[in-house]
Amino acid sequence: MAHDPDALLIAHFDGLIVGTAVAAWDGWRGHIYRLVVLPDDRLRGVGRRLVASGHERLRALGATRVNAAVSDDEPGPIAFWEAIGYRRDPGMSRFAMSL
């Protein structure tokens, strides 16, 4: 966060944090990572508002495309991203390696 503190988006209600996301810009594409909403606050638009805020931030930085990292084994989050207009990118695969 020292590099880009504005990347962290925080949703709060009645003084409590109810959701967070990271909206990062790499100079080429926008990325939304770690979208999390407390279970009791899901289905209330918190996630949608966080993503909309991320889009706004990334658009202002110059992004014309946004990627979202979503686990394949979680149908709830997949349904959320699809419901707000995201589609799987058939030309991309994510690779990872532990250091």
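Together with Phe80, Trp81 and Tyr86 make up a cluster linked by ring pairs. This is a predicted model, in which local features need pLDDT of at least 70, side-chain atom pairs count only at pLDDT 80 or more, and totals for chains, interfaces and linings use all residues. Residues are numbered from 1 along each chain as its sequence is written, and side-chain values use heavy atoms, with hydrogens and water left out.

**Aromatic rings**

- The structure has 2 aromatic pairs, where rings of Phe, Tyr and Trp (its six-membered ring) pair if their centres lie within 6.5 Å, and planes under 30 degrees apart count as stacked, over 60 as edge-to-face and the rest as tilted.
- Phe80 and Trp81 form an edge-to-face pair because their ring planes stand at 80°, with the centres 5.3 Å apart.
- Trp81 and Tyr86 are also edge-to-face, with centres 4.8 Å apart and planes at 75°.
- Trp81 has a relative accessibility of 7% and so counts as buried, whereas Phe80, at 22%, is partly exposed.
- Over the ring of Trp28 sits the charged end of Arg29, 4.2 Å from the ring centre (the rule asks for NZ of Lys or CZ of Arg within 6 Å of the ring centre and within 35 degrees of the ring normal).

**Salt bridges**

- The whole structure contains 2 salt bridges, each defined as a side-chain nitrogen of Lys or Arg within 4 Å of a carboxyl oxygen of Asp or Glu.
- One of them joins Asp89 to Arg65, at 2.9 Å from N to O.
- Asp89 lies in the segment after α2 (75-83) and Arg65 in the loop between α1 and β4 (66-68), so this bridge ties together parts that are 24 residues apart in sequence.
- Asp89 is partly exposed at 28%, and Arg65 is partly exposed at 38%.
- Arg44 and Asp41 meet in a salt bridge at 3.3 Å, N to O; Arg44 is exposed at 55%, while Asp41 is buried at 12%.

**Surface and loop**

- Leu8, Ile10 and Ile17 form a nonpolar surface patch with about 250 Å² of accessible area together (residues with over 30% relative accessible area and no salt bridge, like charges being joined within 9 Å and nonpolar side chains, namely Val, Leu, Ile, Met, Phe, Trp and Tyr, within 5 Å; areas by the Shrake-Rupley method with a 1.4 Å probe, only the protein chains shown counting as cover for residues).
- Ile17 is exposed, at 52% relative accessible area.
- Pro39 is exposed at 58% relative accessibility.

Definitions and conventions:
Buried < 20%, exposed > 50% of the residue type's maximum accessible area, 1.4 Å probe, protein only. Helix = DSSP H or I, 4+ residues; strand = E, 2+ residues; numbered from the N terminus.
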